[in-house]
Amino acid sequence: MVLSVNFVVLGKQDIAAEFGKKGTVTDLSLYDRKESDVIKTWVTPNGFPEKIQPLFQAINLAEYVIFHVDKLDKFTGEQIIALDSLKKEKGILSHTFDVDESKLNAMIKGTVVENYAKIDPEKIKEEMDKLEPVSNDDPSEMVIDHCFDVKGVGTVILGKVTHGKIKQYANLKLYPAGINVLIKSIQMHDDPVEESVCPARVGLAVKGVKPDEVGRGDVITNEGAVDVKTEIELNFKKNPFYKNDISENQGCLVNVGLQIKAAKFMSLSPLKLTFEKPIACKKGQIAVILKPESPTIRILGSGIIQ
């Protein structure tokens, strides 16, 4: 069986080109390489720092973090807060020779990044090779990051199997739309397979849905396996570096998985959000509240969906 490992590369993103062959490029760039029976994928949020959204989507696609710091600025701070908000506890931390290590240590103190393996840049690959594939036997679930029409094939969906297995000819549901989807074929690393196991990156040819009905962050899973909501309540913690006030009816963006959707604060205590469009989510998932227009830090805070 082919196994998979997924990394997000932050800080100096161009080091990803040293690890794998470049594939899909949008505001996320994907690189991959097959080593014996393990497919390794590296994703970079190349749309960041211009936009905050790709940062969270890239982190959510990975089990492991490679954080190669080349400067200490507010965007480095945003990456540290993003990793801490999403509780990404397993990673590698390195920095270029001109980064002040004591200042970096002060920035990561008390965050998940503080516990990453701290290594010299030339040892990143060696350390990365020690990180093992992580899987689970949960019910089938896949999160989508890209979708397009291929002549002669139809709708093709790219994404990551987040739970269990995805099997050829399975009948599943696309959420939050609730559309029935048949998996016609599966590819991993351009090779056809009959099933793919979490956390594989896959390409699916599907029947039942058109590309314009599919959005990044949509989930393919069994019927009823996720909730579709227009309101959520969070066990919320404000980011201490976000200094502006929060008020009822104020607008924001909310990140859940790869979804990033517009919402408003319905109430502040408890913190409740109402969405313009439905969101697919589960109790216990992390939701991060973003303010892209903020001139300073753009991460307002985060919490667990109640």
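Modeller: Buried area is the accessible area that two parts lose on being put together, summed over both. This is a predicted model.

Colleague: What makes domain 1 and domain 2 an interface, in terms of area they bury between them?

Modeller: The two domains bury about 1,200 Å² between them. Of that area, 59% is on carbon and sulfur atoms. Ser4, Ile39 and Leu61 supply 34% of what domain 1 buries against domain 2, more than any other three residues.

Colleague: Which residue ranges are these, and how many residues does each domain bring to the contact?

Modeller: Domain 1 runs 3–130 and domain 2 runs 141–221. Their contact takes 16 residues from domain 1 and 12 residues from domain 2. Their C-alpha centres are 26 Å apart.

Colleague: Why is the pairing of glutamate 63 and lysine 160 called a salt bridge?

Modeller: The N to O distance is 2.7 Å. The cut-off is 4 Å, from a Lys or Arg side-chain nitrogen to an Asp or Glu carboxyl oxygen. So the pair qualifies as a salt bridge. Between domain 1 and domain 2 the count is three salt bridges.

Colleague: What makes cysteine 198 and cysteine 252 count as buried or exposed?

Modeller: Buried means under 20% relative accessible area. Cysteine 198 has 6%, so it is buried. Cysteine 252 has 8%, so it is buried too.

How values were computed:
Residues numbered from 1 in each chain as written. Predicted model: local features only at pLDDT ≥ 70, side-chain atom pairs only at ≥ 80, totals over all residues. Heavy atoms only, no water. Buried < 20%, exposed > 50% of the residue type's maximum accessible area, 1.4 Å probe, protein only. Domains from an automatic or database assignment. Contact = heavy atoms within 4.5 Å. Buried area = accessible area lost by both parts, 1.4 Å probe.
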